Amino acid sequence: MKLATLKDGTRDGKLVVVNDRLTYCTDASHIAPTLQAALDNWDQVAPKLELLAESLSHEAVPTLRFHEHDALSPLPRAYQWADGSAYVNHVELVRKARGAKMPESFWTDPLMYQGGSDTFLAPRDPITMGEEAWGIDMEGEIAVITGDVPMGATPEEALKAVRLILLVNDVSLRGLIPAELGKGFGFFQSKPSSAFSPVAVTPAELGDAWKDGKLHLPLHVDLNGAPFGRADAGVDMTFDFGQLIAHAAKTRPLGAGAVIGSGTVSNKLDGGPGKPVTEGGVGYSCIAEIRMIETIDTGEAKTPFLKFGDTVRIEMMDGEGHSIFGAIEQTVEKYQK
């Protein structure tokens, strides 16, 4: 089953069920007005949505053309957005570039920060920023939306709470991060609103690609129309989503509609840090990573962060080359008051 939220002039939009090829949708607001309402009553609502999805596949219900530009993020706002760093290769490179040794505990205890979730960007809306000097970067990631998770849940219990899977562009302002982390109190200004894929998908819809709490498909990240990253989200993921959710729920319960991110998808290559797509590698899911490798190799970073006018596209294809979640496609623009 594939779900989306269409723009309707309200903050939380209107829930629709989308067909497999993302070409048509049907109104689901008579079952649940919003995705959050569906998540709040998932056991009762999900079977009705599944029946509606089946009817949509047989063209037995009224349909509308599904346009990704008309979609908000599936949850336009959420009670919880916590982003992990499951690809420790990425963390190791970040620290190596600044000459810092990575503690061994990073391989056994996930990193996680709590992001702002009161406003998420729509997947085709621009990224508006005040200054290029802030070091604007994309981060291609996988995320899950959970049902209720009790405090102290085991990874196995936590994984069963996954309701939906989606993609995310976790926008980062690299130029602001060092000063914020230097205060010893975490991210805030350096982590503005994120954007999520037009469509959120149930685990069953993904078939064998969803296995062991990981999504085993390449994440396509393009910059200005050129391939930038093709890292496989199921490779080099040190912590699966069960472990990430359990980490978030160690000292608090998670409410239905909590969004948990994987962190930047990152692959090694033959034990090394990876290569650009143009050199036969799988590339990178953020600009910071290629800058780290440039710094390690040559002593200085050469690839610039995002400039006004740059366009980022994040997408994932199935085995037949069809888009699973739709595309996050955003142009960076100057913020105007």
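A residue counts as buried when its relative accessible area is under 20%, and as exposed when that value is over 50%. With those words in hand, let's look at this predicted model.

**Helix 2**

Helix 2 runs over residues 42-57. From the first C-alpha to the last, its 16 residues reach 21 Å, close to the 22 Å expected at 1.5 Å a residue. Which residues of helix 2 are buried? They are Trp42, Val45, Ala46, Leu49, Leu52, Ala53 and Leu56. These residues sit on the same side of helix 2, because they cover an arc of only 125° around the axis.

What do the buried residues pack against? Their partners are strand 1 (2-6), strand 2 (14-18), strand 3 (24-27), helix 1 (35-40) and strand 11 (162-169). On the face turned away from the buried side, you will find the exposed residues Asp43, Gln44, Lys48 and Leu51. After helix 2 comes Glu59, which has a positive phi, near 55°.

Searching the whole structure turns up two cavities of 30 Å³ or more.

| Cavity | Volume | Lining by class |
|---|---|---|
| Largest | about 40 Å³ | four nonpolar, three polar, two charged |

Among the residues lining the largest cavity are Thr5, Asp12 and Arg77. The lining of the second largest cavity includes Phe120, Ile145 and Val259.

Of its 14 lining residues, Phe188, Gln189, Lys191, Pro192 and Ser193 are the closest to its centre.

How values were computed
Residues numbered from 1 in each chain as written. Predicted model: local features only at pLDDT ≥ 70, side-chain atom pairs only at ≥ 80, totals over all residues. Heavy atoms only, no water. Helix = DSSP H or I, 4+ residues; strand = E, 2+ residues; numbered from the N terminus. Expected span 1.5 Å × (residues − 1). Buried < 20%, exposed > 50% of the residue type's maximum accessible area, 1.4 Å probe, protein only. Arc of directions from axis to C-beta. Contact = heavy atoms within 4.5 Å. 1 Å grid on protein atoms, 1.4 Å probe; cavity = no way out; pocket = protein on both sides within 12 Å on 5 of 7 lines; lining within 4 Å. Points joined across faces, edges and corners; volume = space filled by probe spheres on them. Nonpolar A, V, L, I, M, F, W, Y, C, P; charged D, E, K, R; others polar.
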